[in-house]
Amino acid sequence: MFTGLIAEQGIVKEIRRNQQMIQLTFQASNSILSDYNIGDSMAVNGVCLTAIEVSSTFFKAEIMPETFQRTTFSTVKVGDRVNLERAVLMMQRFEGHFVAGHIDTVTRLIKKVENQNALVLTFAYPTKYAGEIIPQGSIAINGVSLTVTETTTASFSVSLIPHSKSLTNLGNLSVGHFVNIETDMVGKYVKAQRNKFEMYKEKDLL
């Protein structure tokens, strides 16, 4: 479980592919890796990965081809910067929102506007997830916990404060870039229960 509060940016150092698995090596600081061990979780651009090798300057993780294709890892290159977050400790203050590290979809940045000290990013609205992306609701974009500021039938927008702009890789996005999206976990359960209620209602089971 994660909160969407990014600790730092790492760098993709190596990509190895075979038919069964893709192995990625990420450079990271000693501060985030100091007590990080094999088997521990790390959210990388919002994707929950498990360490298979760890040193003081890098860690390695493997992902299945399906995950590789469903996320922005399908276009990742050596040298790319990625957002890193360790799994949350239950005894610490919980900020951000509940982030599982399970990507729902990818979507494209369609507009980028500076608004005083904020950076407003507008993304294409994935219509399959209508009802899960709502104004003032939470969303994780490349693992970053953000608040949706506006939605239309074709797009949704978020606003980055200077801290989020500098600490994460979202500030360096260009129009046309794709990002990983995880919608709000609570919203998913509400939507699922509502759909179940409507189904039962149609079948006169209520």
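1. A word on terms before we start: two strands count as paired if DSSP finds at least two bridges between them. Strands themselves (E, at least two residues) and helices (H or I, at least four) are DSSP runs, numbered from the N terminus.

2. Keep in mind that this is a predicted model, where local features need pLDDT of at least 70, side-chain atom pairs count only at pLDDT 80 or more, and totals for chains, interfaces and linings use all residues. Residues are numbered from 1 along each chain as its sequence is written, and side-chain values use heavy atoms, with hydrogens and water left out.

3. Now the overview. The protein has four helices and 12 strands. Of its 206 residues, 44% are buried, meaning under 20% relative accessible area, while exposed is over 50% and partly exposed lies in between (1.4 Å probe, protein chains only). Take the contacts (heavy atoms within 4.5 Å) with a separation of 6 or more: 69% of them come from residues 24 or more positions apart.

4. Six strands close up in the order β7-β8-β11-β10-β9-β12, with antiparallel pairing. On average, neighbouring strands of this sheet are turned by 45 degrees against each other, direction ignored; the axes behind that angle are lines fitted to C-alpha atoms, for helices over the stretch in contact, and angles run from 0 to 180 degrees between N-to-C directions.

5. Where do β7 and β12 meet? Strand β7 (residues 105-115) and strand β12 (residues 178-183) run antiparallel and are joined by four bridges. In one of these pairings, T105 has I181 in β12 as its bridge partner.

6. Strand β5 (residues 58-63) pairs with β2 (residues 22-27) in the antiparallel sense over six bridges, and F26 finds its bridge partner F59 in β5. Strand β4 (residues 47-54) also runs antiparallel to β5, with three bridges; here A51 is partnered by A61.

7. Have a look at H97, in the loop between β6 (81-86) and β7. H97 counts as buried because its relative accessibility is 8%. Leaving aside residues up to four places away in sequence, H97 touches F2, T3, G4, S138, I139, A140, S145 and D184.

8. Finally, M1 sits in the segment before β1 (8-17). M1 counts as partly exposed because its relative accessibility is 43%.
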